[in-house]
Amino acid sequence: MSNYAIAINVQQRPEVLERVLRVVRHRGFNITNLAMQLNDNNTSSIDMSLQSDRAIELLTNQINKLIDVLDCQVLAGQTNKTTESAKG
Amino acid sequence: MEQGQMIRGADAVIKAIAAHGVTTVFGYPGGAIMPIYDALYGSPVEHLLSRHEQGAAFAAVGYARASGKTGVCFATSGPGATNLITSLADALLDSVPVVAITGQVSTAVIGTDAFQEIDVLGMSLSCTKHSFMVTSVEELVPTLYQAFEIAASGRPGPVLVDIPKDIQIALMEYKTPLQAALPEPEHTPSQIDAAKALLAESKQPMLYVGGGVGMASAVEPLRQFIAATGIPSVATLKGLGAISYETPGYLGMLGMHGSKAANLAVQQCDLLIVVGARFDDRVTGRLASFAENAKVLHLDIDAAELGKLRMPEVAIAGDLRQILPALSQPMQIADWQAEVATLKVQHQWRYDRPGELIYAPAMLNRLAQKLPQDSVVACDVGQHQMWVAQHMYFRRPEDHLSSAGLGTMGFGLPAAIGAKVARPNAAVVAVSGDGSFMMNVQELTTIKRKRLPVKILLVDNQKLGMVKQWQQLFFEERYSETDLSDNPDFVKMASAFDIPGRNITQASEVEAGLDEMLNSEGPFLLHVSIDDAHNVWPLVPPGASNQDMMDEMEKQT
C-alpha cells in the first residue's frame, strides 16, 4: 500500500467534487485526508491524501480526463511508486 | 414568438441540434420534455419514435457508429432518463459520440422528490464522458454546443444534457456561441524517433488494431502503413473492418474467441504495435503472459490508456492520421511474414461440417459473401456475436456494429435501426440470438412504423448460448436458467408487426433463406433454428494465456 498526496484544480460546478470522488473510488484509491477550497475566480482547489496498491498515474491520468479539471498534480516527495501498472 | 428574436429554450434546443448537422433524433416523449417535443413538431429535424428509451439511445449509437456523426436521443425525466443509462454506458465503453437530452422537472421543485424526478446528473457521472444540468436559459445553447464538442472530440463518448422544464419554456435570444475546439494531444518528434528505432530493431513486429482507428478516421493511413511496412496484423472486436480481410499477414480477431493464428502470432512477436486499442481482458487473456517477449509501442488519442494495463516501451498520445504516416518505413521481415502466412494457413476456419443441421459459422460466412458493398451488420451479444466476428468480414469499421466493451444484450435491433436511418442506401442486417432479441423486441414497432427495410437474422438455439457454453465447460454442466425453449414463435410474432418471416432448420435451406431475406423489399425476419450443441471455438479459458486455446476436438477427447 502506497501513500500519495495530490492537488487538483477544478472549474467550480455543483457536481465537480462528486465527479472527482467517484473516479478516486472507482479506480481503487482510498482517501485518508481531504480539503476543498473555493477560490475567487470560480475555481476550486482540492487537496487529498490517498492510499492504494496502484500507481498514482492510473488515477491522475483519469482525473485529468474530467472536463472540469484544470490540472492535477502529484505533490513532490509523495510519489513512491511511479511505473508499476495495475495487474488484475 | 412575436417578441422579435425571442424564442423558447425548447426551440433553441432544436435549432442548436440542427446547427450540428443532425437531421434525425431518436427518442420518446413524456411530461418533463414536452416543450422540446412541441418545438420538434413541424421542425426540420426528424424524430424516430422508439418504444423504450433504451432503444432510442441504442438507435442513436447505431446511427453514430454507422455514420461517424454524433447521434442524438431524447428522453423525459425520471424513468425516461433511467432507461437511457444502459445505452449511455455502452457508448462510454465503446467511445461512441452521442448527445442525450433529458427533460427534468422544473428548477423550483428539483430536490423535492417531485413526480418523475430523479437525480439524472448524479446517475450520469459513471456512464457518460461528461454531463450537464442546465441552470439558466442563457447557458442553454452554449451548453449544447459544448456537449457536441465534447462528445466528438478526442476519444469520443456520450454526453448528457439535463434540461429543467422551466428552462425549456423560458424565452431567450438565440446567439450562436463561439465554441472553441478542445485541445487534443499532439505527438513530438522525439516520440516518433523513439518509435522508429523500435520498429527498426524489430524482426517480428505485430500490429494490434482496435476501434480507435475507425473513430479517428485513420483507416486509410493504417492501410497505407501496413502496405509500406508489411507488418502482420490482428484486430480487436471493434477494430474489425479497419484492415481489409484480404490483406497479407492479417490474421483476424485476437483474444478469447479470436483465431488461433492471431493469438499465436501475437504471443510470438518481438514488438507489439498497439493502435487505438486498450489491452482489454477479453483480448489479453492472462495479462502477465500476453505477448510476453514483446516490446510495446502504444498509439492512442487517450493518454490515460498508455501504461494503464501494460507498460509500453514507447507511448504516443495523438492523432493516428499523423502518427502512422510519420512511422512508415520499409521493414526487413520476410522470414516473419512467411511464418505468419504459415500460421494463417494452418489455422484457417473450416466450414465443411457434416450434417443436415445448420452450422451458424458457415451460414454467416455465406451471408458475408452475399452482402452488397454498402452494408451494415449490427449484432447482439453472445455466441452469434462471436460467430459474426469470426466468420464474417467487413469493409470498414462502420459496417460492423457490436456491443464490445459493455457487451449489452438488446443492442442489435435498435442499433440496426439507427444504422438504417444514417445510411438508408446500405443493406442493414441485424444478426441476433434468441436471448438478446427479446431484450429490445419492442423496437419491431419502430421498424413497422417507418417500414424500415431492416433485415433480421435470428440465430436460435433455444438457449442463453454463451452462458450455457460456460456452464458446460466450467460449471460442471449445471445449466442454471439458460434454457429458453419456451421462446415465442418468432415468425408469428414478427407477422404481428407486419414483418414477413420464415423459419429454416436445415443446412439445405440456408441459401434460399438468405436470398429471400436479402431480396425482400421491406423488413424481413429469417428465423434460423440451430443445434444447441454448437459452441464458439476456439476459446481461451478464463485465467489462461492466449497460446493455450481450447478447441472443439480437444473438448471431445
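User: How many bridges join S1(A) to strand S4 of chain A?

Analyst: Some conventions come before the count. This is a predicted model, in which local features need pLDDT of at least 70 and side-chain atom pairs count only at pLDDT 80 or more, while totals for chains, interfaces and linings use all residues. Residues are numbered from 1 along each chain as its sequence is written, and chains are lettered from A and ligands numbered from 1 in the order in which they are written. Helices (H or I, at least four residues) and strands (E, at least two) are DSSP runs, numbered from the N terminus. Two strands pair if DSSP finds at least two bridges between them. In this case five bridges join S1(A) to S4(A), residues 69–74, and the two strands run antiparallel. Within that pairing, Val10(A) stands opposite Val69(A).

User: Which other strand pairs with S1(A), and over how many bridges?

Analyst: S1(A), residues 2–11, also pairs with S3(A), residues 43–52, in the antiparallel sense over ten bridges. Here the bridge partner of Val10(A) is Ser44(A). S3(A) is in turn joined to S2(A) by eight bridges, again antiparallel, and Leu34(A) has Met48(A) of S3(A) as its bridge partner.

User: What is the order of the strands in the sheet of chain A?

Analyst: In general, the side chains of a regular strand alternate between the two faces of the sheet. The sheet of chain A is open, with four strands in the order S2-S3-S1-S4 and antiparallel pairing. Its edge strands are S2 (30–38) and S4, each of which pairs on one side only. Axes are lines fitted to C-alpha atoms, for helices over the stretch in contact, and angles run from 0 to 180 degrees between N-to-C directions. Neighbouring strands of this sheet are turned by 15 degrees against each other on average, direction ignored.

User: Which strands does H1(A) lie across?

Analyst: Contact has a set meaning: two residues are in contact if their C-beta atoms, placed from the backbone, lie within 7 Å. H1(A) lies across S1, S2 and S3 of chain A and runs at about 150 degrees to S1(A). H2(A) also packs on the sheet, touching S1 and S4 of chain A, and its direction makes about 165 degrees with that of S4(A).

User: How many residues of chain A are in contact with chain B?

Analyst: The size of an interface is often given as the accessible area lost when the parts come together. A count of residues is used here: 16 residues of chain A are in contact with 15 residues of chain B. On the side of chain A, the elements giving two or more residues are H1 (16–26) and H2 (56–65), and H2(A) provides the largest share, five residues. By residue type, this side of chain A divides into three nonpolar, six polar and seven charged. Ala, Val, Leu, Ile, Met, Phe, Trp, Tyr, Cys and Pro count as nonpolar, Asp, Glu, Lys and Arg as charged, and the others, Gly among them, as polar.

User: What does the domain assignment of chain B give?

Analyst: Domain bounds come from an automatic or database domain assignment. For chain B, that assignment gives domain 1 (6–173), domain 2 (189–346) and domain 3 (360–556). The C-alpha centres of domain 1 and domain 3 of chain B lie 30 Å apart, and 25 residues of domain 1 are in contact with 27 residues of domain 3. H3(B) gives the most to the domain 1 side of this contact, with eleven residues. That side comprises eleven nonpolar, ten polar and four charged residues.

User: Is Thr76(B) buried or exposed?

Analyst: A residue is buried if 20 or more other C-beta atoms lie within 10 Å of its own, exposed if 12 or fewer, and partly exposed in between, with C-beta atoms placed from the backbone. Thr76(B) counts as buried because it has 25 C-beta neighbours inside 10 Å. Thr76(B) is found in the loop between S4 (71–75) and H4 of chain B. Leaving aside neighbours within four places in sequence, the contacts of Thr76(B) include Pro29(B), Gly103(B) and Gln116(B).

User: Which phi value does Glu476(B) have?

Analyst: Glu476(B) has a positive phi of about 55 degrees, although it is not a glycine. Glu476(B) is exposed, with 7 other C-beta atoms within 10 Å. Ala291(B), also a residue other than glycine, has a positive phi near 45 degrees, but Ala291(B) counts as buried, with 24 C-beta neighbours inside 10 Å.
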